[in-house]
Amino acid sequence: MLITKNKKTWLRSLTSVISIKDVLMVSVCSLSFNTLSFASPNQTTEFERPSIWVKNSERAAILEKIQSEPWAQSLFEELKHRADSVAVEGNKKRRKSLQELPLVWSKNKSLPPTLPTFRHKEGGSKEQLTQVVKTLQDGVDCGVLYYLTQQTKYATCGADILFTYINALKQMKVHKEGAMNSGWMFPTDHLYEARVIGAQLPIIYDFVFPYLTSGGQVYDLASDKLTDFNFSAAQEVFGTYVWLALNKGLLDSNWPVLESSSLVHNILALDDRQQIKKYIPYYTHIDTKNQASLKTVTKHFVNEGDIWPESFQYSRHVAGFTVYLMTLLDRYDPSLKLGAKYPNIPGAFTSYYNLEYPNDESPYIGDGHRTYKIDYADLENSLLLAKLNNNQQQQEYFTTYLSSSIKSGLYDRGHLHSRSYGASPYFTPLQLLWSVNKIRSETDIDVTPERPRTLRLEYAGMNIQRNISNVNPIKNSLMAFVAGGSYIHGHASGMDMELYGQGHVLGVDGGKGTYRTDIHENYYRLFSAHNTVISNGASASKGDWINLGINRVKSELMEPAAGDAGVSPKHSFSTSSFFDEFNLVAPAQHERTLALIKLDETKGYYLDIFRAKSDTSNQYHDYVYHNIGDELTITSNQQAVNLEPDQDRYQDSAKLEWITTGQRGYRHPGWHFFEDVKTKSSSAQQYEATFTASKLGDKSISMRALIPAGLDIEISQVKAPKAYGGSAPYNKKPLPTFLLRHRGEAWDNPYVVAYESITEGESYAVQSVERILVDGLFKGVKVDIKLSGKALTQYILVQEKNDDHYQDKNLGIDFTGRFAIITLDDKQQLTEMYLGNGSYVQYKQHKVTAKPPTNSAYKRF
């Protein structure tokens, strides 16, 4: 709507708000921001508002959408219902509505009230913060309803709220000289304030601007009267939030993205086109010392499939917020073409799906979660962004996905998202304003399309393998990952592993506790909470994010290669390596080979081979494995193993200093939190460790670990702290765990464990596992199997180097390479040969030779 405005008192000095010149002279960024030049007093300026979320020219089309589309009509009615509860008429009711806020009055009642400050000692309560955040969201809803209906009661609702907050802020101290992240209403937490306060005020202003510039007045709590709106104070507030975003953030993190909604909204709320033009580049492509631009953010999205390098919930927020702002700015200025420049950011939403387990849960890495709710608003925005930039591929993908979700009942466009008063900007009305009228797909796809067999997530050092069954895939499929790396909200995990079976993640990562607590910092974030190897009792971290830095787990080999189909429908493997560089005794080298072996559509198992060595005379290594369950039983040849209480075994880490400020220090490796420790003295005998979970359904589920003879180990059984990523109710129970300690190097003859899960009433297929050793050097394992009443034998050959050679003339086996599987039937006749990596594998007269460039091959007989 084009409005002619004549503002009063434009550059009135404000005693408590940063001056205009200070706002725009950003010396801490080593940049010179010229003073904002507002319209001078008595100068008439033409400016169109609203313009941030929508323009007046779009109103008719939106009203037509509401009239013609049932889902839009439903959204409108829900939004109206929300706004009607606060959009009141008459001074008494307007005052009463504002008094729902936690107002802070001074002794001088002629001064308008302020609001509490938050998230610091002696700050406002959680209940008060919720009310402050809710009221701003009410103001946004009222602004949108005024735009749509032109009813004055909605304008006065939004304008009164805006005026009250502006008056409060201008009397509060801006912590310009404070430390990083200092703010205004949140003196020590601009990161939070930017999302819940700074992002909302400009949206309200944008919508109620036509009312205010047409002579509409606001209710003044101090005078108990209607008064003119203070435009210059509002402009000061917007300028201050721009300044805070550019100067008080943290560059190498997700903070710039989380603060960018406030930055962009406040820039677009400036009533000077030249200033908008000047400052928008500080979002699109110009960095400051404390705020990264979109161009810098996109360096993490160079390749298709890339995601933001943090634990997944933070990564998802980055994608969602960035797609929102790209869409907003491409609507505001179509010449920017941000969606065309950076298509891999909306493309990230496909990546999160591809990382998931068959039951749609996510791998647990860092301070993440096991499950994440699909935010369909992000997908709607991604579809709109694709349309704005004529990206046909993404239009088709997001249209098809949304259409399938609607048809399957997973997504209902006709309901507003529930209100949230946490640390997030408020975008809910965009469900109505931005969503395309109709979502029609010419292709009906399953909303759970097939995921790749293997994936590599580089920043997390993650190799994912899966083998999906064609019969009851959620229950019978196999999936596992090996991972470890240094990133924000990452853990010092070493080379971690999770295993899936019977519809659940059974071999689990410990997960995330409560931030800043002893157990979170000194257990959940450290090696002992993960399925890994701890060397010398001292695997540790150093440097990077809060001193939790570890070397990234490297992918040495993987077949199928990431994203490929693979040569065999039944077999896959990966070999990963990790350098335990910051070990408190001596650095250690680790290598892990993990194989997924499918036997038929209902049976399969994992083979885990872990090598470890350290350059110290008294080296020892502990293999750690956690699995959900009610009990863990350890047997040998099906006879109970006598384990003796050993309560002091893992307590040395408790003696280390925990340093919570400056250069952080931790109680590595964190295993002093293990309880009920029992150990058996060193032996090279065979063991079975069986975890049983009876509360996952009508039938119990078990995971059995077969540990072959031939390596001297001390086996321990412990109760670890609960795993937050475990299936309920096991996310609230102590976690059964076993540890295998070998004194000396475990490289030439490594740890070997075969894992198989079953549901009650089923039988294990894997009967025994036997090491293949040549002069003390590990060459693989022989696995005896019983499948559908028939015996099978598998020789799984694993060597350290590409040109290593193994030959058994008696068996007729000849192999050069790193990984191979030979399968024989109950009559010892060859049925399959899988060459995962190598030159060739031969069994008697049958030979399979590698096919370039994969160095792999497969043949059935």
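Predicted model: local features only at pLDDT ≥ 70, side-chain atom pairs only at ≥ 80, totals over all residues.

Student: Fine. How many residues of helix α7 are buried?

Tutor: Nine of the nine residues of α7, which spans residues 190–198, are buried, so the helix is largely enclosed by the rest of the structure. Among them are His190, Glu193 and Arg195, together with Leu191, Val196 and Ile197.

Student: And which helices do they pack against?

Tutor: The buried residues of α7 pack against α5 (126–149), α8 (201–213), α9 (231–247) and α10 (255–268).

Student: Moving on to the nonpolar core. Which residues have the most contacts inside the largest one?

Tutor: The largest nonpolar core has 207 residues, and those with the most contacts inside it are Trp53, Met185, Leu201, Leu433, Tyr623, Phe738 and Tyr755. Leaving aside neighbours within four places in sequence, Phe738 is in contact with residues including Tyr623, Leu632, Phe691, Ile707 and Tyr755. Apart from this core lies another, of 26 residues, with Ala595, Ile597, Leu599 and Val798 among them.

Student: Now the sheet. What is the strand order?

Tutor: The order is β5-β6-β7-β8-β9, an open sheet of five strands with antiparallel pairing. At the edges stand β5 (454–457) and β9 (504–507); each has a single partner strand, so one side of each is left without a neighbour in the sheet. On average, neighbouring strands of this sheet are turned by 20 degrees against each other, direction ignored.

Student: How many bridges join β8 to β9?

Tutor: Three bridges join β8 (residues 496–501) to β9, and the two strands run antiparallel. Tyr500 stands opposite Val505 in β9.

Student: Next, the second largest pocket. Which residues lie nearest its centre?

Tutor: Of the 27 residues that line the second largest pocket, Glu304, Gly305, Asp306, Gly347 and Ser351 lie nearest its centre. Two or more lining residues each come from α16 (344–354), α18 (392–407) and β5. The largest share, five residues, is given by α16. The space in this pocket is about 720 Å³.

Key: Residues numbered from 1 in each chain as written. Heavy atoms only, no water. Core = buried A, V, L, I, M, F, W, Y, C linked by side-chain atoms within 4.5 Å. Buried < 20%, exposed > 50% of the residue type's maximum accessible area, 1.4 Å probe, protein only. Contact = heavy atoms within 4.5 Å. Pairing = 2+ DSSP bridges. Helix = DSSP H or I, 4+ residues; strand = E, 2+ residues; numbered from the N terminus. Axes fitted to C-alpha atoms, helices over the stretch in contact; angles between N-to-C directions. 1 Å grid on protein atoms, 1.4 Å probe; cavity = no way out; pocket = protein on both sides within 12 Å on 5 of 7 lines; lining within 4 Å. Points joined across faces, edges and corners; volume = space filled by probe spheres on them.
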